[in-house]
Amino acid sequence: MSEQYSCIGCGVKIQTEDREAIGYAPQSALLKEDIICQRCFRLKHYNEVQDVNLTDDDFLKILNEIGQSDALIVKIVDIFDFNGSWLPGLHRFVGKNKILLVGNKVDLLPKSVKPNKLINWMKQEAKELGLKPEEVFLVSAAKGQFIQEVAAAIDEYREGKDVYVVGCTNVGKSTFINRILKEVTGEGDVITTSHFPGTTLDIIEIPLSDGKALVDTPGIINHHQMAHYVDKGDLKIITPKKEIKPKVYQLNEGQTLFFGGLARFDYITGGRRSFTCHFSNEINIHRTKLEKADELYKNHVGELLTPPRMDDKENFPELVKHEFTIKEGKMDIVFSGLGWITINDPGAKIAAYVPKGVHALIRKSLI
Ligand code: GDP
């Protein structure tokens, strides 16, 4: 492209190569008088917020901007991947701004989970991670559960100020904003986006009725999320779409579970006991003897142990071992972005294997 165009909506530099990246517009858009990027186009014509992914540097710029503004911050996490979708560092930038913490995708958790218990758990985790939200909510943006409550809280806490919505990619931020917009504007009621100004290149402002704005910040890539290591087809398998059904395994010492070929769990010592697995219902769990596990993986990853698929296994990172000793009751061993195993009693020694780059961690049981 010899000439450089800018989007009349948000000011971003237009590019026509990468559909997923910021500033994308199809070639045909360049023929028009007013050139608009795809993201603004969708917002304008469909009232739909589209994902754009950013680098860490860009994210720091946005955090700085948030820190310098007087606004309410709505931080969204994916409750199925709480730790993986946590945006580290946000608390250092918020300044005096109030924060609402929203755990999305509550529809994925077993019905037996008590919302209040989970909300307390989230408060506790947030505190340990350095964030002090005014309130914590559990919602399902996809199903519209508890959206009204959050919309009401946003209205209350924003005290007439702008609202920044932040979250890493895939937490359901776009789905959430679209829901909130419907809640605020009413079904089918088109918001006026003709004058959305866009303060910086990568932030979209959606005007609210009082002249303030709901600000959609681009999703941040958390590099240790499992989602970045599997291809799009496999992502569908590992991402649960409906309520997860916990699977209980009675294991003896020296037994191993494989989760497809994506992760492995070794039960090393601690007597016979049960382990409750919380993973997408579509992930195949394979039980074997620990002493045979290395060889089984070597010979069968990509077929018996899949995903990854055969044609993808060469690019798939090696599994790295993380050892844990369970010292308290009711702990989760988390395979970031994939799921977790709940262990009820102390005294077990286990090993969790995840692809190099993905996090494995231990936490107080979420359920
Ligand atoms: P963003 O990248 O944060 O903007 O996330 P999206 O809104 O694009 O959603 C990412 C994925 O999560 C999509 O596959 C959505 O269908 C899914 N998703 C969003 N909200 C929910 C929810 O409340 N429940 C479930 N189960 N899935 C959701």
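Guide: Asn97 counts as partly exposed, because 17 other C-beta atoms lie within 10 Å. For that label, C-beta atoms are placed from the backbone, and a residue is buried with 20 or more others within 10 Å of its own, exposed with 12 or fewer, and partly exposed in between. Asn97 sits in the loop between β2 and β3 (99-104). Helices (H or I, at least four residues) and strands (E, at least two) are DSSP runs, numbered from the N terminus.

Before going further, a word on how to read this. This is a predicted model: local features need pLDDT of at least 70, side-chain atom pairs count only at pLDDT 80 or more, and totals for chains, interfaces and linings use all residues. Residues are numbered from 1 along each chain as its sequence is written.

Leaving out residues up to four places away in sequence, Asn97 touches Ala71, Leu72 and Ile73. Contact here is when the C-beta atoms of two residues, placed from the backbone, lie within 7 Å. Asn97 and Ile66 are 31 residues apart in sequence, with 8.6 Å between their C-alpha atoms.

Together with Val74, Val163, Tyr164 and Val165, Ile73 touches the most other members of the largest nonpolar core, which has 50 residues. Strand β2 (residues 71-78) gives the most to this core, six residues. A nonpolar core is a set of buried Ala, Val, Leu, Ile, Met, Phe, Trp, Tyr and Cys residues joined through C-beta atoms within 7 Å. In soluble globular proteins, nonpolar side chains tend to be buried together.

Beyond four places in sequence, Val165 touches Val74, Ile76, Lys173, Ile177, Leu214, Val215, Asp216 and Thr217. Apart from this core lies another, of 35 residues, among them Phe279, Ile333, Leu338 and Ile343.

Let's follow Leu214 from that list. Leu214 belongs to strand β7 (residues 213-216), and it counts as buried because it has 23 C-beta neighbours inside 10 Å. Setting aside neighbours within four places in sequence, Leu214 is in contact with Val163, Val165, Ile177, Ile206 and Leu208. Leu214 and Glu135 are 79 residues apart in sequence, and 19 Å apart in space from C-alpha to C-alpha.

The ligand is surrounded by 18 residues, and the closest are Ala142, Gly172, Lys173, Ser174 and Thr175. A residue belongs to this shell if its C-beta atom, placed from the backbone, lies within 6 Å of the molecule. Helix α5 (residues 173-185) supplies the largest share of the shell, three residues. Sorted by class, the shell has four nonpolar, nine polar and five charged residues. In that sorting, Ala, Val, Leu, Ile, Met, Phe, Trp, Tyr, Cys and Pro count as nonpolar, Asp, Glu, Lys and Arg as charged, and the others, Gly among them, as polar.

Some backbone details are worth a look too. Phe146, in the loop between β4 (135-138) and α4 (147-158), has a phi near 60°, a positive value in a residue other than glycine. With 18 other C-beta atoms within 10 Å, Phe146 is partly exposed. Helix α7 (residues 290-300) lies largely in the open, because one of its 11 residues is buried. Just after α7, Gly302 takes a positive phi of about 95°. A cis peptide bond joins Thr306 and Pro307, with omega about -5°, and the bond from Pro307 to Pro308 is also cis, with omega near 5°. Pro307 is in the loop between α7 and β14 (319-325).

Finally, the whole chain. The protein chain has seven helices and 18 strands, and 41% of its 367 residues count as buried. Among contacts with a separation of 6 or more, 72% join residues 24 or more positions apart. The mean pLDDT of the chain is 85, and 86% of its residues reach 70 or more; pLDDT is the predictor's confidence in each residue, from 0 to 100. The model scores ipTM 0.99 and pTM 0.81. Do take care over residues 188-201, where pLDDT stays under 50. Where pLDDT is low, the predicted coordinates should not be read in detail.
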